[in-house]
Amino acid sequence: MLGNGDGTFRLPVAHAVGGTLVDVIIADFNNDGIPDLAVSNLASNTVAVLLGKGNGEFRASKTFTVGNNPWVLVAGDFNRDGNLDLAVTNSGSGTVSILLGNGTGGFQPAVSYPVGNRPQGIATGDFNKDGKLDLVVTNTLDNTASILFGNGDGTFQPQQTLAVGSNPPGVAVGRFKRGGDLDFVTANFGYQSPWTLSVLLGNGNGTFQPQQTYFVEANPNAISLGDFNRDGNVDLAVADFGSESISILLGNGDGTFGEPHNFSVGYLPNNAAVGDFNGDGKLDLAVADAGTNIVSVLINDTRDCRPR
């Protein structure tokens, strides 16, 4: 959906990929300065890559085989060769597949690493400050997060696990303390109330403090980060799959967050993308509403350090 620059969008243009699609990310996989797409295909156990033409259109997709039931994708330069690579959680095989990019939009055959049971969420960051990208993965059946430390050559060390909340499908990485080390937060979908987020503050050496718990609306599914009130602190935007709302938790800059402010969207909000859609310097949200097949756009009307 191409933006008009005023917070509105043109009609959607569909690109054939096939199968049952779960996740899509945007990155430049062939180093031409034009955004490309990578899509996980649950039914075919593949990842499809669509290279951008630079005019809002994309070339035909190329597919790459990964593990069983691929779920969430993340891009990063895992072997430090200047080309973007891909990592995807395989919810059906309890693994993460790594596809090393060649800089032209192609990828080497996938190499998989064991994690927990039914992994879904994934994010990347240098958690031990060794200059090599690491991975954090949420395991929904184990109520854990797996940390896989990168070796800097595209391979990863065996997982280390941390306790989080119940049935965590989503994870995001950021610096929740000003000037601090990398932290992460999980959305804990759960099957009954109360529904929570787990915030784990990093120590900078690859270890984390025990989880801090924050209560949100029903069935939080995914988390997006941004400074929504422009105070210099990282805030959280949570897609509350079971409550037709987005929860905003404003960061205090010390690793803690305030009470959630809830904003109505469509039925079964599954995920939220962050961007300045109307060019006013404030971060807005676009929410995928799975139950109604619509996208809800929330324009930020921040005043007095609080989204409205």
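In this predicted model, four strands form an open sheet in the order β17-β18-β19-β20, and the pairing within it is antiparallel. The edge strands of this sheet are β17 (220-226) and β20 (261-264), each of which pairs on one side only, and the twist averages 25° from one strand to the next.

- Strand β19, which covers residues 245-249, pairs with β20 in the antiparallel sense, and 4 bridges connect the two.
- One of the residue pairs between these strands can be named: Ile248 has His261, in β20, as its bridge partner.

**The sheet β5-β6-β7-β8**
- Another open sheet has 4 strands in the order β5-β6-β7-β8, and its pairing is antiparallel.
- Because β5 (70-76) and β8 (111-114) stand at the edges and each have a single partner strand, one side of each is left without a neighbour in the sheet.
- Neighbouring strands of this sheet are turned by 25° against each other on average, when direction is ignored.
- Strand β7 (residues 95-99) runs antiparallel to β8 and is joined to it by 4 bridges, and the bridge partner of Thr95 is Pro114 in β8.

- On one side of the pairing, β2 and β3 run antiparallel and are joined by 5 bridges, with Thr46 of β3 as the bridge partner of Asn41.
- These two strands, β2 and β3, form a hairpin with 4 residues between them, and Asn45 in the turn has a positive phi of about 55°.
- Strand β3 also pairs with β4 (residues 62-65), again in the antiparallel sense, over 4 bridges, and here Thr46 stands opposite Thr65 in β4.

**Aromatic pairs**
- A pair of aromatic rings is described by the distance of the centres and the angle of the planes.
- The whole structure contains 10 aromatic pairs, among them Phe29 and Phe107, which are edge-to-face at 5.7 Å centre to centre with 70° between the planes.
- This pair links distant parts of the chain, since Phe29 lies in the loop between β1 and β2 (36-41) and Phe107 in the loop between β7 and β8, 78 residues apart.
- Both Phe29 and Phe107 are buried, and ring pairs link Phe29, Phe64 and Phe107 into a cluster.
- The ring centres of Phe184 and Phe208 are 5.0 Å apart and their planes stand at 75°, so this pair is edge-to-face.
- Phe184 belongs to strand β14 (residues 183-188), whereas Phe208 lies in the loop between β15 (195-200) and β16 (212-216), 24 residues apart.
- Phe184 is buried, because its relative accessible area is 0%, and Phe208, at 11% relative accessibility, also counts as buried, since buried means under 20%.

**A nonpolar patch on the surface**
- Met1, Val295, Val297 and Ile299 make a nonpolar surface patch of about 320 Å².
- Met1 lies in the segment before β1 (21-27) and is exposed, because its relative accessible area is 54% and exposed means over 50%.

Note on methods: Residues numbered from 1 in each chain as written. Predicted model: local features only at pLDDT ≥ 70, side-chain atom pairs only at ≥ 80, totals over all residues. Heavy atoms only, no water. Patch = residues over 30% accessible without salt bridge, like charges linked within 9 Å, V, L, I, M, F, W, Y side chains within 5 Å. Areas by Shrake-Rupley, 256 points an atom, 1.4 Å probe, with all protein chains shown as cover. Salt bridge = Lys/Arg side-chain N within 4 Å of Asp/Glu carboxyl O. Buried < 20%, exposed > 50% of the residue type's maximum accessible area, 1.4 Å probe, protein only. Pairing = 2+ DSSP bridges. Axes fitted to C-alpha atoms, helices over the stretch in contact; angles between N-to-C directions. Phe/Tyr/Trp six-rings, centres within 6.5 Å; stacked < 30°, edge-to-face > 60°.
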